[in-house]
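Trainee: I would like to go through the side-chain contacts of this model with you, one question at a time. Could we begin as soon as the structure is on the screen?

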Amino acid sequence: MRFHLPEQKKLVHEMVIPIRWGDMDAMGHVNNTIYFRYFETVRIDWFQKIGAVPGPQGVGPVIVNAFCSFIRQIEYPGEVLAKHYVANPGRTSFDTFMTLERTDQPGVIYTEGGAKTVWVDFPKQKSVPLPDWIREIVG
């Protein structure tokens, strides 16, 4: 099953991530688990830039599911351009989407994926309404 990213999404962040030798598996391409690491890297970088770093004594974002569609193999050496999108703000959650392309092949999507992000009160272990400032960014 292949998931497709929605047309209605908002680009909020981009970053370049180097492909490391250790990212490869025995087949000579980036291991499937590393794609999720790239997604996490761009997502956390965006959270830090907007001041939404989760803390165990406060509130913040958690990922409740994730998906990835592997379109083309990424191989070492090189760099990936990770693009981070948001969409569908709800009462306590919003969707995040990511694409990965090689910097030496701009516009060629190698992978696309995403995750549902829920705003949580960590001490209570319970979802809470999105703060207005997050809703403004995501909306």
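Trainee: Over which ring does the charged end of K9 sit?

Mentor: Please keep in mind that this is a predicted model. A charge sits over a ring if, among other conditions, NZ of Lys is within 6 Å of the ring centre. The charged end of K9 is 5.0 Å from the centre of the ring in question, which belongs to Y85.

Trainee: How many salt bridges does a search of the whole structure find, and how far apart are the closest N and O atoms of K83 and E101?

Mentor: The search of the whole structure finds six salt bridges. K83 lies in strand 3 (residues 79–87) and E101 in strand 4 (residues 93–102), so this pair ties together parts that are 18 residues apart in sequence. K83 counts as buried at 18% relative accessibility, and E101 counts as buried at 5%. Their closest N and O atoms are 3.7 Å apart.

Trainee: Which residue forms a salt bridge with K116, and is that partner buried or exposed?

Mentor: The closest N and O atoms of K116 and D95 are 2.9 Å apart, and the pair links distant parts of the chain, with K116 in strand 5 (residues 109–121) and D95 in strand 4, 21 residues apart. K116 counts as partly exposed at 26% relative accessibility.

Trainee: What is the relative accessible area of D104, the residue that forms a salt bridge with R102?

Mentor: The closest N and O atoms of R102 and D104 are 2.9 Å apart. R102 counts as buried at 10% relative accessibility, whereas D104 is exposed, with a relative accessible area of 53%.

Trainee: At what angle are the ring planes of W46 and F47?

Mentor: The structure holds seven aromatic pairs, and one of them joins W46 and F47, whose ring centres are 5.3 Å apart. Both residues are buried. The pair is tilted, because its planes are at 35°.

Trainee: Which residues do ring pairs link into a cluster with W46?

Mentor: The rings of W46 and F94 have their centres 6.3 Å apart and their planes at 80°, so this pair is edge-to-face. W46 lies in helix 1 (residues 32–50) and F94 in strand 4, so the pair ties together parts that are 48 residues apart in sequence. Both W46 and F94 are buried. The residues that ring pairs link into a cluster with W46 are F47 and F94.

Key:
Residues are numbered from 1 along each chain as its sequence is written. This is a predicted model: local features need pLDDT of at least 70, side-chain atom pairs count only at pLDDT 80 or more; totals for chains, interfaces and linings use all residues. Side-chain values use heavy atoms; hydrogens and water are left out. A salt bridge is a side-chain nitrogen of Lys or Arg within 4 Å of a carboxyl oxygen of Asp or Glu. Helices (H or I, at least four residues) and strands (E, at least two) are DSSP runs, numbered from the N terminus. Buried means under 20% relative accessible area, exposed over 50%, partly exposed in between (1.4 Å probe, protein chains only). Rings of Phe, Tyr and Trp (its six-membered ring) pair if their centres lie within 6.5 Å; planes under 30 degrees apart count as stacked, over 60 as edge-to-face and the rest as tilted. A charge sits over a ring if NZ of Lys or CZ of Arg is within 6 Å of the ring centre and within 35 degrees of the ring normal.
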